[in-house]
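Subject: Structure handover

Hello,

Here is the structure for you to look at. Please open it first, then read my notes below.

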Amino acid sequence: MTNDWTDIIRQVHASSRQCVLCATGGGASAIGSLLSVPGGSRSILEAIVPYAPQALDEWLRRKPDSYCSRETALSMATAAWARASHLTNARTNLVGVSCTASLASDRPKKGEHRCFVATQTEDASRCYSLTLLKGARDRAAEESVVANVVLLAVAEACGVADRRSLNLTGDEVLEIECEYGPTPIRDVWTGATPLVWSGPRGELSTERPSRPIALLSGAFNPLHHGHEQLAVAAETRLGGEVAFELPIVNADKPRLDYLSIESRRRQFQSRSLAMTSAPLFIDKARLFPRTTFVVGFDTAERMLDPRYYGHSEEQMTQSFSELRDLGCRFLVAGRVMHSQFETLADLAIPSGLADLFDGLTELEFRDDISSTELRNATPHLCE
């Protein structure tokens with residue numbers, strides 16, 4: 001660490017913020033820099049370096065599309081924020097910090113040398129993206145630059161605005177994105193309120209004049225014509241309006257960051273979007289009683305997996321019993337699974353729950369497109 005960061009780190013330690021840091025592929029030396037200045041116990045709650053792919057998968061609770069990407073850095077940062085909240089039992093003055101990098105190694109690399117650093121607080125998401133000039137530095141020098149980006153990100157998240165040189169060369173440019181969550185979305189994000197509606201013009205409201213007959217929940221990364229066609233097919237079957245739901249807090253992955261929330265909600269220009277802190281369908285049912293949830297076969301299959309109910313079949317049965325009491329049901333659309341189109345008839349539904357499920361036929365709806373395939377075909381959609 002160069003001396004010109006020492007005072008900044010002292011200010012970080014003196015701030016009211018407490019951080020959890022997660023770094024993979026590079027940038028981990030910033031952890032040592034932060035802890036080498038006295039006072040680190042006031043600002044650093046934990047630091048983790050999940051270097052193996054399996055370790056990062058466990059941290060994210062999923063396998064990312066790409067280990068070194070903007071999207072992965074943002075997910076790592078929200079996971080770090082959640083860890084900080086768990087350690088402190090607090091919701092404010094916390095910072096989740098992440099770094100994912102692909103740097104010079106002991107073997108040639110075909111791709112770019114780059115890093116993505118992100119920070120997450122209760123009110124803002126930031127992402128720092130940098131592509132390094134390949135061959136201009138050895139591994140140690142690249143690590144030094146990336147560590148400086150991490151220190152800069154930590155300082156800015158802690159309200160320390162005094163910048164230092166990052167020792168960039170040539171055409172290297174540090175790109176910085178920042179999104180502040182509007183108060184209604186921030187309240188859902190932190191758990192203060194369970195729901196906010198985003199209207200076709202982007203307006204936010206906790207109330208809605210009319211209740212949709214059904215909800216189609218998804219990550220919508222990205223929204224595509226398959227989602228739209230499924231909503232139309234469900235409306236035809238049910239005879240009422242279908243709205244979309246974006247769970248900010250998810251059962252399978254870290255909560256969404258504000259940059260992702262904003263880009264995804266901007267996709268909805270003709271339908272209302274509910275944004276919720278309801279990760280499970282029993283949580284959604286409590287928010288939306290007497291609602292039909294429109295789901296794909298894969299979602300319905302996961303819904304019937306006891307691991308989402310503490311690995312307890314009894315708890316799963318109780319959840320579905322409450323869903324029935326709340327007047328909720330499921331409309332299941334077929335989907336290609338393992339090279340075969342699977343429908344409700346192929347779903348193993350436990351005894352006593354069949355009345356809660358109805359299915360769309362292949363003639364009513366079939367669209368084999370998937371968001372994952374779209375992201376893989378057009379990587380910029382994840383950026």
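**The sheet**

Eight strands form an open sheet with mixed pairing, in the order β8-β7-β11-β10-β9-β12-β13-β16. Strands (E, at least two residues) and helices (H or I, at least four residues) are DSSP runs, numbered from the N terminus. Two strands count as paired if DSSP finds at least two bridges between them. The edges are β8 (204-205) and β16 (357-359); each has a single partner strand, so one side of each has no neighbour in the sheet.

This is a predicted model, where local features need pLDDT of at least 70, side-chain atom pairs count only at pLDDT 80 or more, and totals for chains, interfaces and linings use all residues. Residues are numbered from 1 along each chain as its sequence is written, and side-chain values use heavy atoms, with hydrogens and water left out.

Now look at β9 (residues 214-217) and β12 (residues 292-296). They pair in the parallel sense over three bridges. L215 stands opposite F293 in β12.

Two helices pack on the sheet. Helix α7 (residues 183-190) touches β7 (195-198), β8 and β11 (273-276). Contact here means heavy atoms within 4.5 Å. The direction of α7 makes about 145° with that of β7. Helix α9 (residues 258-265) touches β7, β8, β10 (242-247) and β11, and its direction makes about 165° with that of β11. Axes are lines fitted to C-alpha atoms, for helices over the stretch in contact; angles run from 0 to 180 degrees between N-to-C directions.

**Salt bridges**

Side chains of opposite charge can pair when their charged atoms come close. A salt bridge here is a side-chain nitrogen of Lys or Arg within 4 Å of a carboxyl oxygen of Asp or Glu. How many does a search of the whole structure find? It finds 24.

One of them joins E122 and R17, with the closest N and O atoms 3.1 Å apart. E122 is in the loop between β4 (113-120) and β5 (124-132), and R17 in the loop between α1 (6-14) and β1 (18-24), so the pair ties together parts 105 residues apart in sequence. Both E122 and R17 are buried. Buried means under 20% relative accessible area, exposed over 50%, and partly exposed in between (1.4 Å probe, protein chains only).

D358 also forms a salt bridge with R237, the closest N and O atoms being 2.9 Å apart. D358 is in strand β16 and R237 in helix α8 (residues 225-238), 121 residues apart. D358 is partly exposed, at 32%. R237 is partly exposed too, at 29%.

Best wishes
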